[in-house]
Amino acid sequence: MDRLVIEGGRPLEGTVPTAGAKNAVLSLLTAALLTEEEVRIENVPDLVDVHTMIGILEGLGGEVSFEPGGVVRAKVGAIHDPVAPWDLVRKMRASFEVLGPLVARCGRARVSYPGGCVLGLRPVDVHIKGLEALGARITTEGGDVVAEAPRGGLVGAEIYLGTASGSSVGATRNVLMAAVLAKGTSVLEGVACEPEIVDLAQCLIKMGAKILGAGSPTIVVEGVERLEGTCHRVIPDRIEAGTYITAGAITGGRVRVTGCRPEHLSSFLEALRAAGCPFERGEDWVETQPRGSADRLQATDVTTQPHPGFPTDLQAQWVSLMTLADGISLVTERIFSERYMHLSELLRLGAHVRRQNQTAIVEGIEGLSGAHLTANDLRGSAALVLAGLVATGTTEVHRVYHIDRGYERIEERLRALGANIRRESGD
Ligand code: EPZ
């Protein structure tokens, strides 16, 4: 297993382009299951999770190529056995989102139950409720969720998809993809408004789907009989962009993140402004401005919420930033009950952090000192790398495969910004 070795303490300086959004690409790939024709996706990041989803499509009989320059061509002809088994679904929760497209196209599907994960209990009840409302009969057999459409196919319905924490990105995508091929009209209420949902809807519309309202809490779908192939360029990854902006902010350097959509990051940028971090932004870039080493940021509270609120996928990175701010910050996680694995690792760097219920209490200190850290989840690992960039001495982040699920060649990108970071193998 690889590890990242970081000699911290240098302000970063330079430009980093934003890659395509992992969480958008994953669902664009599942959308390819809705047609026999080729779906061409551009700006696809070369990530482990993307290859996992490609493996699932291939397992279902699809022909998928990943060409240089980030172009994926996916053509899923006849699907003889609409099954996504445990050994593939367990690697990545998003695999469960093949259920909706498969039952819509094939009339039946069998997908392993994804189970919980390090972020806490992650139920799929809303996915199931939504598909049942469209007429699917859902049962659980041997740990798999089995969905069967009625004889005439799925039928449009009015469905509320809200969750205790607001909305579900995955359930919205799963049910939306089933509804586009259902007969008649579906009104999906309480749906997620994340930019990745809008990107999926735009791709589906190009494939011939009739969808109104994506990006708002109500989506109306008029079912169609079939979808065709298309070409779609995925949106930039707002979480990757936010992570590199945080790298500029935490090191007090000048980092220009290009090719991003600052409007997808409004609550995060608002928090950065409140913390006193100087930055400039344009239509498709954000640049952190240098700060003196004695010029500390102000402690700033954030609470994670569905979009357009502060994203849960930037919570861990924000905690790292606040470990060095002046004062006490309260960072409250409202989406995933156990998304705090990074806290115990940050303690090893000397950070003053503790947890009370759903809130991380972060008492900012003047400096961190390097240590051996263990990555436990994707965004938490990114937060540890960020902290390592400012800690004095050497920080080694072990089990770095988590980072490779969501950040394309992170060490190369950070090195291009002047960071002293290298990958070593053989942990
Ligand atoms: C997506 O996960 C993202 N993953 C996550 O990114 C992201 O953190 C999350 O949305 C929230 O923004 C992908 O897009 C592949 P949810 P998802 O369903 O869809 C509850 C990353 O680091 N819920 O929106 O699985 C659930 O427990 C990853 O890139 C139900 O109660 O998340 C949670 O509290 C991690 N019942 C809330 O909804 C359900 O049936 C939001 O989860 C489904 C969800």
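Contact, in this talk, means heavy atoms within 4.5 Å. With that in hand, let's go. The model is predicted, so local features need pLDDT of at least 70 and side-chain atom pairs count only at pLDDT 80 or more, while totals for chains, interfaces and linings use all residues. Residues are numbered from 1 along each chain as its sequence is written, and side-chain values use heavy atoms, leaving out hydrogens and water.

Domains, to begin. There is domain 1, residues 2–16 + 236–425, and domain 2, residues 25–233. Those bounds come from an automatic or database domain assignment. The C-alpha centres of the two domains lie 31 Å apart. How many residues of domain 1 are in contact with domain 2? It is 18, and they touch 20 residues of domain 2.

Now the area. About 1600 Å² is buried between domain 1 and domain 2, with carbon and sulfur atoms giving 56%. Buried area here is the accessible area (1.4 Å probe) that two parts lose on being put together, summed over both. On the domain 1 side, H307, R405 and E408 lose the most area to domain 2, together 34% of what that side buries.

What about charges? Two salt bridges cross the interface of domain 1 and domain 2. The rule is a side-chain nitrogen of Lys or Arg within 4 Å of a carboxyl oxygen of Asp or Glu. D49 and R405 form a salt bridge at 2.8 Å, N to O. By class, the side of domain 1 that touches domain 2 has five nonpolar, five polar and eight charged residues. Nonpolar covers Ala, Val, Leu, Ile, Met, Phe, Trp, Tyr, Cys and Pro; charged covers Asp, Glu, Lys and Arg; the others, Gly among them, count as polar.

Next, salt bridges in the whole structure: 26. Take E196 and R238, with closest N and O atoms 2.8 Å apart. E196 sits in helix α7 (residues 195–206) and R238 in helix α8 (residues 238–251), 42 residues apart. Helices are DSSP runs of H or I, at least four residues; strands are runs of E, at least two; both are numbered from the N terminus. Are these two partners buried or exposed? E196 is buried, at 5% relative accessibility. R238 is buried too, at 10%. Buried means under 20% relative accessible area, exposed means over 50%, and partly exposed is in between (1.4 Å probe, protein chains only).

Compare R355 and E338, a salt bridge at 3.1 Å, N to O. R355 lies in strand β20 (residues 352–356), E338 in the loop between β19 (328–332) and α11 (341–348), so the pair ties together parts 17 residues apart in sequence. R355 is partly exposed at 36%, and E338 is partly exposed at 35%.

Over to helix α4, residues 99–106. Six of its eight residues are buried, so α4 is largely enclosed by the rest of the structure. The buried ones are L99, G100, P101, L102, V103 and A104. Their cover includes α1, β7, α5, β9 and α6. After α4 comes G107, with a positive phi near 85°.

Last stop, D144 in strand β9 (residues 144–148). D144 is buried, with a relative accessible area of 13%. Its side chain makes a polar contact of 2.7 Å with that of R110. A polar contact is a pair of N or O atoms within 3.5 Å; within protein, one must be able to donate a hydrogen and the other to accept it, and residues adjacent in sequence count only if both atoms are side-chain atoms. That's my tour.
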